[in-house]
Amino acid sequence: MKQHYVMPVGVDDFRQVREKYYYVDKTDFIKKLIDGHAAATLITRPRRFGKTLAMSMLYYFFTLKEAERNRVLFEGTKVEAAGERYMAEQGTKPVVFLSLKDIKENSMGDMLEAFASLMKKAYQSFRYLLESEVLYPEDKESFQAVLSGKVSKVELQYSLSNLTDYLARYHKKNVLVLIDEYDAPIQAAWDNDYYPEAINFVRNYLSSVLKSNPHLDFAVLTGVLRIAKESIFSSLNNLKVASVAAGGLEEVMGFTHAEIEQMAKDFGVPEKYEEIKAWYDGYNFSGREMYNPWSVVSYFENNCQAAAYWVNTSGNSILSQLLENATVAQTNELTELMEVIIYSDISENSDALYSMLLNTGYLTMADYPDPYTGDDCTMRIPNWEIQTLFKKEVMRYLTGIGSDAKMLKKLLSSLLTGKAADFEAELSGFLCAMASFYDTGAKENFYHGLVLGLLATLMPRFEVVSNREAGYGRFDIAIFPGKNQTAGALLEFKVAESEGEMTIRAKEALAQIEENAYTAEFERRGVSDVWQYGIAFCGKKCHIERKAQE
């Protein structure tokens, strides 16, 4: 009889997943930590990549609380198969597990209250310490103050550090500290204009626990971003960072190719593997390709219906602000990401916008250049899902097309049906509305980026390709028809020195398409109908020449 599996959509408690849902075994993470770990490890991954579930798994494995009951959760897993040396570590440590993901307050005062409530709950779970003779009277007084919620800002900063002290003394064992989504309060502070105050508090709160704490066994933190510029971790020389670009631990969050193949077999749909790969694969973590787990789980839960499940429910306002203030050069580079983008030293956070896009999962690394040569690295959009979301969540900030949907629809319709005059009129309208003369001073690359951004909305129904070699040269933009689509299009751009020169330059661009046989790639794909456009720009105006269909 075929086994029925249920996917754990939105479930991040390890016990619940193991007892009720389909589980992809990630217990190798435990083995890696036992084999060797830093005093503190920070793992950064995009939202909904299984960070909380991984931390919950560590809690259930290591905690002293209900150790015998928890041991059952690891039966048949990789860590059990690794041998008794590893299972001997199960249920052996006092563990403090905190999640900061819900601390998203509107003011500094509210943030402090949220931290006080968080620590109150943490202390309540260790109330037995109050009955111990290990705690001094002044310790019990401080303990009671946290339980009452009446603590000063300074006392609150040291409340987690003090808790590790109390637990280590009581159990005569150092403490494992797990902090999930450590950066959530900081992002909320950015959104609500109390960022400097929040940085100071969170830095002191973490440093008191992670730096030179004799009661700490080790700590694991997760988040989306590594907040480094403001030196939140500057005083920690014992911090290991496993980011999306470097640092190892690539497979502990997200799914591998082998895991996806097994999942497709278990659900009886091995033929769906290529579709899953196209939509949800493509994240490159330190050279290892990984799948987005939230989207894959949602895909199976929705009867294998491919869709963009990775919706933005986290309100990433930092990303929004960076995009809204993107420079002209960044706008051009980001629109060219419909193909690839070259940007220097992204792994060192040299530019906040691109680092944000990389860390939040909109982009991924395509290669890892030698750090000693100073070569550029290549970034790309990971997969079809993000290609779809990219145009909705990123391109709208860069093109400003949100209020001109009808205008854009008419432009695209004209382009794809060969109505050159209408196409020219609509494109001129966008240029007039969106481009300043300062922008157009960027010459051809500005116009290229603008048009590419507008065409991004055709995906994934069409494949939009930029600067690809074909025939005897490299075309500017090609639009390849997808399933149930017929005609494609080729666009070649020129910039005229004057309006009177635009017709000549547009005809030159059209001739270049034929001279360099740019249609070769269409012929290879079996596409016979290709609209060919030569487009000349001058300031806020354009002129379009179209080759007549044979």
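This is a predicted model: local features need pLDDT of at least 70, side-chain atom pairs count only at pLDDT 80 or more; totals for chains, interfaces and linings use all residues.
Residues are numbered from 1 along each chain as its sequence is written, and side-chain values use heavy atoms, without hydrogens and water. Local features need pLDDT of at least 70 and side-chain atom pairs count only at pLDDT 80 or more, whereas totals for chains, interfaces and linings use all residues.

**View 1. The aromatic pair of F115 and Y205.** The structure holds 31 aromatic pairs; rings of Phe, Tyr and Trp (its six-membered ring) pair if their centres lie within 6.5 Å, and planes under 30 degrees apart count as stacked, over 60 as edge-to-face and the rest as tilted. F115 and Y205 form an edge-to-face pair, at 5.1 Å centre to centre and with 70 degrees between the planes. This pair links distant parts of the chain, 90 residues apart: F115 belongs to helix α7 (residues 108-124) and Y205 to helix α12 (residues 195-210). Helices are DSSP runs (H or I, at least four residues), numbered from the N terminus. F115 counts as buried because its relative accessibility is 0%; buried means under 20% relative accessible area (1.4 Å probe, protein chains only).

**View 2. The pair of F201 and Y205.** The ring centres of F201 and Y205 are 6.0 Å apart and the planes lie at 20 degrees, so this pair is stacked. Both residues lie in helix α12, four residues apart, about one turn of the helix. Both F201 and Y205 are buried.

**View 3. Charges over rings.** The charged end of R45 sits over the ring of F285, 4.6 Å from the ring centre (CZ of Arg or NZ of Lys within 6 Å of the ring centre and within 35 degrees of the ring normal). R48 lies over the face of W294, at 4.0 Å from the ring centre.

Technical notes:
Helices (H or I, at least four residues) and strands (E, at least two) are DSSP runs, numbered from the N terminus. Buried means under 20% relative accessible area, exposed over 50%, partly exposed in between (1.4 Å probe, protein chains only).
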